[in-house]
Amino acid sequence: LILDTEDYPAKWAVSVQIEEKGSSYSLHLPDKVLCESEIAGLWWRRPKPSAIAPEVREEEQIDFCVQQARGLLRGLIVSLGARVINPLAAEMAASYKVYQLQAAAQIGLKIPPTLITSVPQEVERFRREVNNDLVFKLVAGAPKRRLIETRQLEDSHIPLLDALRCAPVIFQKRVDKVADVRATIIDSHCFAVECRPTKAGAALDWRLDSAVEYLPWTLPVGVASQIVAFHRSLGLRYGAVDFGVTPEGEYVFFETNTAGQFLFAEIHVGHPLAKTLAQALLQPECGSPESSNGIGVGQFRLQ
């Protein structure tokens, strides 16, 4: 069943009954009602704002209705805990790059030296520390904007640094890489592909190349173990991790995207990602966040 949050609560609704002995919930659809026992799991991915009934027209009233609808739906999703991919609290926390990078470093993943700031003088200092070899990218997603790619910091950008006072930016030491690897993690399953751009202009960010080649890639067992442990430390059941592989064979962690695309890895490489995700929704496996509490690596499957 696919539900669009943009249609909620105008076209479908939620009811939750809470008593001392427990609680229950149901989904009210245009043609049927689904009770809790019929729902095994939920994939919560890139939700859109709620649509309120058209007779509500005043902006203040619309905002009031949106907040009430959001409070019910998100409250239910939080209460579902690890049956959700991803648990809502973990999803929200892991979306912050500051938190991600610190957690990755603590688990032992190699990360690029990073500065996240809105202070121009700090960039100048950091730039000297890394021998003027920096890239820059967004701190957070910008859903109303086109793709804003990772870029090299050039001398021509320096006079523009004062604009940082309006919004912070991530600056990282450029990684000399021979391959871009995307590893998709579903509970303890790990699927990796190489994303090989065909255009020179996409060397820093393979997403810029519409003709990028996707090739099979085998992660070292130690790296796979680390990223599964990293996801569990964040409470995540799903994420798409981007690495740069250096000429020396080191894997440098860039980020995990909690709502990252994955079908390209199934279409071009043959990884059974849709089936694995469906199985995870039907039955969370032993070792996923609800049983491990984010502690320890446990078993994982490298595929």
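Predicted model: local features only at pLDDT ≥ 70, side-chain atom pairs only at ≥ 80, totals over all residues.
Me: Let's begin with the salt bridges. How many does a search of the whole structure find?
Reply: The search finds 17 salt bridges.

Me: What makes lysine 48 and glutamate 6 a salt bridge?
Reply: Their closest N and O atoms are 3.8 Å apart. The cut-off is 4 Å between a side-chain nitrogen of Lys or Arg and a carboxyl oxygen of Asp or Glu, so the pair qualifies.

Me: Where in the chain do these two residues lie?
Reply: Lysine 48 is in the loop between β4 (42–43) and α1, while glutamate 6 is in the segment before β1. They are 42 residues apart, and the pair links distant parts of the chain. Asp4, Glu6 and Lys48 are also linked in a network of salt bridges.

Me: Why are lysine 48 and glutamate 6 called partly exposed?
Reply: Partly exposed covers the range between under 20% (buried) and over 50% (exposed). Lysine 48 has a relative accessible area of 42%, so it belongs in that range. Glutamate 6, with 38%, therefore belongs there too.

Me: What about arginine 151 and glutamate 149: are they buried or partly exposed?
Reply: Glutamate 149 has a relative accessible area of 15%, under the 20% limit, so it is buried. Arginine 151 is at 30%, so it counts as partly exposed. These two form a salt bridge as well, with the closest N and O atoms 3.0 Å apart.

Me: Now the aromatic rings. Why is the pair of phenylalanine 136 and phenylalanine 171 called tilted?
Reply: The ring centres are 6.3 Å apart, within the 6.5 Å limit, so the rings pair. Their planes stand at 40°, which is neither under 30 degrees (stacked) nor over 60 (edge-to-face), so the pair is tilted. Phenylalanine 136 is in strand β7 (residues 134–137) and phenylalanine 171 is in strand β9 (residues 169–173), 35 residues apart.

Me: How do you know that both of these phenylalanines are buried?
Reply: Phenylalanine 136 is at 18% relative accessibility, under 20%, so it counts as buried. Phenylalanine 171, at 2%, is therefore buried too.

Me: What makes helix α5 largely enclosed?
Reply: 10 of the 14 residues of α5 are buried, so the rest of the structure largely encloses the helix. Among them are Val223, Ile227 and Phe230. Phe230 also forms one aromatic cluster with Phe243, Tyr251 and Phe253.

Me: How do you know that strand β13 is largely enclosed?
Reply: Eight of the eight residues of β13 (residues 238–245) are buried, so this strand is largely enclosed by the rest of the structure. Tyr238, Ala240, Asp242 and Gly244 point one way, and Gly239, Val241, Phe243 and Val245 the other.

Me: Which strands pair with β13, and what makes them count as pairs?
Reply: Two strands pair if there are at least two bridges between them. Eight bridges join strand β10 (residues 179–186) to β13, so that pair counts. β13 also pairs with strand β14 (residues 251–257) over six bridges, so this one counts too. Both pairings are antiparallel.

Technical notes
Residues numbered from 1 in each chain as written. Heavy atoms only, no water. Phe/Tyr/Trp six-rings, centres within 6.5 Å; stacked < 30°, edge-to-face > 60°. Helix = DSSP H or I, 4+ residues; strand = E, 2+ residues; numbered from the N terminus. Buried < 20%, exposed > 50% of the residue type's maximum accessible area, 1.4 Å probe, protein only.
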